[in-house]
Amino acid sequence: MEQSEFLEKRPSNMEEGRHLILRLTYVSRHNAENSNIEVTRILSQSRRNNERDGITGALVINDEYFLQSIEGSRPVINALFRKLVNDKRHHALQVIECSEVEERLWSKWSMKHLAPSEQDREYVRKFSAGTVFDPYIMSTSQILRFIETLSDLQERRDKDGVKTKSLGF
Amino acid sequence: MTQKTSESHILVSMTYISRANPDMSDEAFSDILRQAQENNVKNGITGMLIFNNYYFLQTIEGSRAQLNHLLGNLVNDPRHYDLQLLETRELKGKGREWSRWSMNLALPSTDNAALYLKYSTTAEFNPYLLSAESIRELMTELNH
């Protein structure tokens, strides 16, 4: 079959599956030293794109790792995912969980930034077998609950107006 | 393949769909299958592949690190495009569904059209239109 004929008959189609909400959570290691400027840039860029594409999510950044949850229409999330796989700003990307969901978890945020603070060490311990935070050896439910716990803590602090010292662990 | 043993204890299942490149020959497809079977045996990966000349639908099972390494290669494999992940979940308790297969194969045909139609709105099998749940059910039926 001619390629043009094929493509006409079967176009790559963003419509197919777009009624499904997909949530995808991954972990990766960042490549560069993430200065605050770089983090700010990554966040503002992803928020702009996500707003345009109907994507919501949360991003945990510490000294070494990204932990990100993105949710949106299935073909849209996958288009972003294929870009992320080849994004040179991080490596060793591992999908932790990916599933169809009835409702979004992060619908209020185009990208909620979660920066673990010194006070959050106890939550690292809570979900880790060892003393060092290593998402690559954490189970799916440990990672998902860790992200949600950080989010809850941040909500509470924001409400109370508590200032925290942001530190990697 | 380099993989830290500390990362190999988590057993997961991944399901993805993709569109075959229009210029892919039957030989190329046989190569894909043979390659997958050889590599999977080596890497402790099992799974199931459905292929109907236009679409791939595949479930792979194995360690999270191994599967993600494979996924990275698959995303950039020029023999198909528009790869979409439908599901990734940790296999707890019940374990693998395809433990007997390094890569089982099913080819939709007129003989088994009813099974594919059971979960489809269209006469022709198109996994891009199916929910993850329908695909899970279809896969399970193919396994029995």
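## Fold of chain A

Along its sequence, chain A runs in the order α-β-α-β-β-α-β-β-α-α. That gives five helices and five strands for chain A. The coordinates belong to a predicted model.

Chain A has 169 residues, and 31% of them count as buried. Among the contacts in chain A with a separation of 6 or more, 79% are between residues 24 or more positions apart.

## Confidence

For the complex, the predictor reports a pTM of 0.90 and an ipTM of 0.93. The average pLDDT of chain B is 92, and 96% of the residues of chain B score at least 70. Where pLDDT is low, predicted coordinates should not be read in detail.

## Contact between the chains

Chain A contributes 27 residues to the contact and chain B contributes 26 residues. On the side of chain B that touches chain A, two or more residues come from each of helix H2 (64-75) and strand S4 (80-90) of chain B. S4(B) supplies the largest share of this side, with nine residues.

Which classes of residue make up the side of chain B that touches chain A? By class, this side of chain B holds 12 nonpolar residues, eight charged residues and six polar residues.

Definitions and conventions
Residues numbered from 1 in each chain as written. Chains lettered and ligands numbered in written order. Predicted model: local features only at pLDDT ≥ 70, side-chain atom pairs only at ≥ 80, totals over all residues. Helix = DSSP H or I, 4+ residues; strand = E, 2+ residues; numbered from the N terminus. Buried ≥ 20, exposed ≤ 12 C-beta atoms within 10 Å, placed from the backbone. Contact = placed C-beta atoms within 7 Å. pLDDT = per-residue confidence, 0-100. Nonpolar A, V, L, I, M, F, W, Y, C, P; charged D, E, K, R; others polar.
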